[in-house]
Amino acid sequence: MKKTILLSLLFSGLLGQAQNANPLKEKVYYSVSEALNSDKNATQLNLRDQHIFYVEENISQLQNLRFLNLMRNNLEKWDDAIFDLKKLEVLILKLNSMKYVPKNIGNLEKLIRLDLSNNSISYLPEEIIKLKKLRFLHLSLNSITSIPEIISNCKSLEVLELDNNQLSSLPEAVSNLKNLKTLHLGYNQFNEFEQQLTRLNSLEDLSLEYNQLQEFPEEIGSLKNLKILMLNDNKLQKLPNRIVELQNLELLSLSNNKIEKLPEGIEKLDKLKTLILLGNPLSSSEKTRITKALPNCKVFFE
């Protein structure tokens with residue numbers, strides 16, 4: 001399992017880099033007072049790991065702020081001053097104790113990245129629809145039970161991370177997110193594969209590990225741009241034949257399922273670099289067939 005997680009991180013690690021301030025671009029300040037005393041036109045403020053319980057009201061004077069990192073503090077509520085920062089493009093609030101997202105999140109219309117992962121959020125307000133420029137939405141490790149239908153109007157979304165929540169379904173309209181490249185749904189409560197996902201033609205990274213999936217649809221073959229597919233730790237007994245049409249696939253994780261045989265034509269996955277099959281009841285002859293069919297792929301059986 002550690003190998004699976006590591007490989008996934010390697011493929012998606014570049015996304016995390018954009019959450020950091022860029023001191024080469026413009027100066028990063030580490031307190032509100034420092035920024036106000038030095039440059040009221042400051043654009044980057046990093047307050048992570050400062051054990052703060054609230055955001056100072058005078059932060060609203062930093063009207064040119066574009067980057068605000070409040071990661072790993074003791075925040076339980078949203079201070080109104082945050083919503084005065086109308087030029088904000090990146091807002092990071094991961095690893096706090098937030099229980100909700102207020103309606104006035106819609107005031108931050110220039111947001112490109114919103115990271116609320118690892119809080120205690122249970123739902124999203126419909127005002128999220130106002131974030132027309134939002135490209136990266138990180139909601140991992142919360143308590144979300146449903147996603148509003150209007151999420152489909154956030155048409156700029158490229159990354160949607162919803163792993164480690166309490167989801168068992170997605171709205172049909174999620175298929176309208178035509179720019180979505182990364183969708184993480186692992187560690188939830190999905191019993192069935194959501195068919196609307198097969199219409200996300202730009203998707204490159206789909207993670208559904210640690211759910212309760214028993215079947216996977218043939219329509220998965222429609223996702224021609226898919227590079228990463230994480231299906232480990234489900235209840236799959238077989239794969240659809242059309243999975244061999246995913247000819248851009250580089251990483252396929254199928255550990256800890258009930259798969260006895262892979263589809264014929266698996267050799268068509270000639271870009272596959274890593275195939276993880278630990279914990280499946282594969283015969284010796286089937287392992288040999290897979291290894292021969294994928295000579296340039298690293299296959300893990302045990």
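## Arg72 and the loop between S3 and S4

Arg72 is partly exposed, at a relative accessible area of 37%; this class lies between buried, under 20%, and exposed, over 50%, as found with a 1.4 Å probe on protein chains only. The residue sits in the loop between strand S3 (67-69) and strand S4 (90-92). Strands (E, at least two residues) and helices (H or I, at least four) are DSSP runs numbered from the N terminus. The model described here is predicted: local features need pLDDT of at least 70, side-chain atom pairs count only at pLDDT 80 or more, and totals for chains, interfaces and linings use all residues. Residues are numbered from 1 along each chain as its sequence is written, and side-chain values use heavy atoms, with hydrogens and water left out.

The backbone of Arg72 has a phi near 55°, a positive value in a residue other than glycine. Most residues other than glycine have a negative phi.

The loop between S3 and S4 also holds Asn73. Asn73 is buried, with 7% relative accessibility. Apart from neighbours within four places in sequence, Asn73 is in contact (heavy atoms within 4.5 Å) with Leu47, Arg48, Asp49, Gln50, His51, Ile52, Leu95 and Asn96.

Tyr187 is not a glycine, yet it has a positive phi of about 55°. Its place is the loop between strand S8 (182-184) and strand S9 (205-207), and at 29% relative accessibility Tyr187 is partly exposed.

Tyr187 is among the residues touched by Asn165; the others, leaving out residues up to four places away in sequence, are Leu139, Ser140, Leu141, Asn142, Ser143, Ile144 and Asn188. Asn165 belongs to the loop between strand S7 (159-161) and S8. With a relative accessible area of 6%, Asn165 is buried. A polar atom of the Asn165 side chain lies 3.0 Å from the backbone oxygen of Leu139.

## Salt bridges

The structure holds twelve salt bridges, each being a side-chain nitrogen of Lys or Arg within 4 Å of a carboxyl oxygen of Asp or Glu. Side chains of opposite charge can pair when their charged atoms come close. One of the bridges joins Glu89 and Arg66, at 4.0 Å from N to O. Glu89 is in the loop between S3 and S4 and Arg66 in the loop between strand S2 (44-46) and S3, so this pair ties together parts that are 23 residues apart in sequence. Both partners are partly exposed: Glu89 has a relative accessible area of 29%, and Arg66 has 32%.

A salt bridge also links Glu245 with Lys224, with an N to O distance of 2.9 Å. Because Glu245 lies in the loop between strand S10 (228-230) and strand S11 (251-253), and Lys224 in the loop between S9 and S10, the pair ties together parts 21 residues apart in sequence. Glu245 is partly exposed at 28%, as is Lys224 at 39%. Glu264 and Lys261 meet in a further salt bridge of 2.6 Å, N to O. Glu264 is exposed, with a relative accessible area of 53%, whereas Lys261 is partly exposed, at 41%. These two residues belong to a network of salt bridges that links Lys261, Glu264, Glu286 and Arg289.

## The second largest pocket

The second largest pocket contains about 430 Å³ of space. On a 1 Å grid over the protein atoms alone, a pocket is an open set of points with protein on both sides within 12 Å along at least five of seven lines, and lining residues have an atom within 4 Å of a point. The volume is the space filled by probe spheres set on the points, which are joined across faces, edges and corners.

The lining comprises 18 residues, and Gln214, Glu215, Phe216, Pro217 and Lys238 lie nearest the centre of the pocket. It divides into seven nonpolar, five polar and six charged residues. Here Ala, Val, Leu, Ile, Met, Phe, Trp, Tyr, Cys and Pro count as nonpolar, Asp, Glu, Lys and Arg as charged, and the others, Gly among them, as polar. Lys238 is placed in the loop between S10 and S11 and is exposed, at 63% relative accessibility. The C-alpha atoms of Lys238 and Phe216 are separated by 8.0 Å, and the two residues are 22 apart along the chain.

Key: 1 Å grid on protein atoms, 1.4 Å probe; cavity = no way out; pocket = protein on both sides within 12 Å on 5 of 7 lines; lining within 4 Å. Polar contact = N/O pair within 3.5 Å; in protein donor to acceptor, adjacent residues only side chain to side chain.
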